Structure formats: structure tokens, C-alpha cells
Amino acid sequence: WRDFAKVAIQATQALRAAHRAGICHNDIKPGNLLLDASGRVWVTDFGLSQPVDPSELVSKASQNDARVLSPFQRRLDQQKRTNHSSSRSIGGTLRYMAPERFLGRQSTASDLYSLGATLYELCIQSPLFEHENRETLITQILEQRPVTPRTICREIPKALETIIMNCLQKHPADRYSSADALLTDLLRFTQGKSISSTNRMSFGGFFRRLTHRLSKRNSPADQ
């Protein structure tokens, strides 16, 4: 699994270089990671890449509990109600897209999600989400929690599973804050050290669910 992580490290380093250059790849998937005879990974096909929008970057400040009921979540809920009509015009490979891509938004966090979906598939040899019907697949990406890799293959190290699942959080701010942060955990994993992160859903997701329940309890309909 350390050899697998070394592939992930090289892909992350390539994304870090792209992000530092102000570029979002927007189509990270297994087919765009090429492994040459020397074991070097090449991230290819920047045909759908776009400049990074500074306003879309996830900052540390955006990870505060104050953003629990965020504009992102409200827009995501609205997108679910409109049957994903705008998704038909989004460029990229559907099953690897981050949820916010269906709102017409992309950021470095979207690339990290796509890399997580790629690593997930390479780990268990099965896609993160899969369905023949396009609208159903979009609903899965927006709403369904992924089956954890170790549920399918117990041989996958817990730390590696945590790294992958942190990339796959629905809300951008629940993912790694940058390719640098992801790279740090991958390097620590290959060195046999404890990773610096925990599953972000255990904190951010908990507070969002709690606030959502409290808001429902205090709504006029419940009074």
C-alpha cells in the first residue's frame, strides 16, 4: 500500500504545481494518470482546465462552525430540487466530479475530490458511484455517502482510507485545505507515521447535522 501511496503522492504533487500556477484541472480520473516504465506518474489532459478563482478557494476561515448552514449547502439543496438541469453543460467526467461542480463552480478542492474518487477506484477496483442513468448518478454524487474502502477490502490501511475519505467529503471545506495538506498526510503514511488529520465529517458534518436539526425544531411549522 505504500507503493500505491507513492502513486498518489506524485499525482498530488502534480496537482499542487497546477494549483500554484493558478490552474484547476477539472478532469482528474484514472484515465488521465499515466504511469511510465520508470514508475513516474504523469497527469495528462488539461483540456478542461480553468484558472483558479480566488473567491472559490477554501480558506481556513471558511472551516469555522459559523459556516455550517452555508450558501454552498443552500445552493446544493436548490440544485437537487431543480433535477440537475444545469449539469448537462458542465465539462468533465461525471462520476469523478465534486458536488459543487453541478453548481457551475470549481476550485482546487474540486480537484482534490476528483483525485479522491480516482484513488478510491484504484484501491477497490470499483467506481465511487456508478449508475447507467445520468440523473441517478448525479443524485448519488450529491446525496449518497460512499461505502468506505475498508468495508469492501479490509486489507486497506485505516490511515489510507481516512485520507481518501477526507478528499471525498461533500462540502469543499470538509476536504483537505490544499494539495499541500493532502501531500503531508500521504508522505506521513509512507513513512509509517500517524497522519495529521482525522475524518473531517466527524466534526464539520456533526455540527451541520446538529444545526439543521435545531433549525427544524425551531421552525414555525414545529411550533
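In this predicted model, the axes of helix 6 and helix 7 come within 10 Å of each other and cross at roughly 170°. Because angles over 145 degrees count as roughly antiparallel, this crossing makes helix 6 roughly antiparallel to helix 7. On the side of helix 6, the contact is made by Ala159, Leu160, Ile163 and Cys167, and these meet Leu182, Asp185, Leu186 and Phe189 of helix 7.

In soluble globular proteins, nonpolar side chains tend to be buried together. Here the largest nonpolar core has 44 residues, and Leu168 and Leu182 are those with the most contacts inside it. At least two residues of this core are supplied by each of helix 1 (2-20), strand 3 (41-43), helix 3 (108-124), helix 4 (134-143), helix 6 (158-167) and helix 7 (179-190), while the largest share, eight residues, comes from helix 3.

Helix 4, another contributor to the core, has Leu137, Ile138, Gln140, Ile141 and Leu142 buried. The N-terminal end of helix 4 is capped by asparagine 133, a side-chain oxygen of which lies 3.0 Å from the backbone nitrogen of glutamate 135.

Methods: Residues numbered from 1 in each chain as written. Predicted model: local features only at pLDDT ≥ 70, side-chain atom pairs only at ≥ 80, totals over all residues. Heavy atoms only, no water. Core = buried A, V, L, I, M, F, W, Y, C linked by side-chain atoms within 4.5 Å. Buried < 20%, exposed > 50% of the residue type's maximum accessible area, 1.4 Å probe, protein only. Helix = DSSP H or I, 4+ residues; strand = E, 2+ residues; numbered from the N terminus. Polar contact = N/O pair within 3.5 Å; in protein donor to acceptor, adjacent residues only side chain to side chain. Axes fitted to C-alpha atoms, helices over the stretch in contact; angles between N-to-C directions. Parallel < 35°, antiparallel > 145°, perpendicular 65-115°, else oblique. Contact = heavy atoms within 4.5 Å.
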